Amino acid sequence: MLTRSISCIVLVLLTSLSWDLAAKEYKRMSPKAEEAGKIARQTEAEQLEKARKAANATQAREQEVLERQQSGEWQESQREKAQRQFNERESRESKYLKEAREAAAQDRKIPKPQS
């Protein structure tokens, strides 16, 4: 019975000691945890602000494109671009045909094989 009461007393002392150590550790870590929480909230706020700005910029670009499409400016610029590309292809084709004709008109200077 004496050993049982001693073990109970030791158990109570160890438990109170561990609670005391845990409380001290919590007090020591608490400011660090608060600082980390503050940094996390600040970082989250910055990221949310960046996301808002990016969303607003995207929306503004979309609105500009819609306005250009509605005014016909976009279609006209696409039509002009296509016409320019067509003309460039046509002039390249003409150039190649002209060079081919000139090459065909020139005298051949390939020596005949001697037998």
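I count a salt bridge when a side-chain nitrogen of Lys or Arg lies within 4 Å of a carboxyl oxygen of Asp or Glu.

The model is predicted: local features need pLDDT of at least 70, side-chain atom pairs count only at pLDDT 80 or more, and totals for chains, interfaces and linings use all residues. Residues are numbered from 1 along each chain as its sequence is written, and side-chain values use heavy atoms, with hydrogens and water left out.

I then placed the pair: Glu49 and Arg52 sit three residues apart in helix α1 (residues 2-71), about one turn of the helix. Helices (H or I, at least four residues) and strands (E, at least two) are DSSP runs, numbered from the N terminus.

Glu49 is partly exposed at a relative accessible area of 36%, and Arg52 is partly exposed at 47%. Buried means under 20% relative accessible area, exposed over 50%, and partly exposed in between (1.4 Å probe, protein chains only).

I searched the whole structure and got two salt bridges. Arg79 forms one with Glu76, the closest N and O atoms being 2.8 Å apart. Arg79 and Glu76 are three residues apart in helix α2 (residues 73-105), so about one helical turn separates them. Glu76 is partly exposed, with a relative accessible area of 35%.

Last, I noted the totals. The protein has two helices and zero strands. Of its 115 residues, 1% count as buried. The protein exposes about 11,200 Å², of which carbon and sulfur atoms supply 57%; accessible areas come from the Shrake-Rupley method with a 1.4 Å probe, and for residues only the protein chains shown count as cover.
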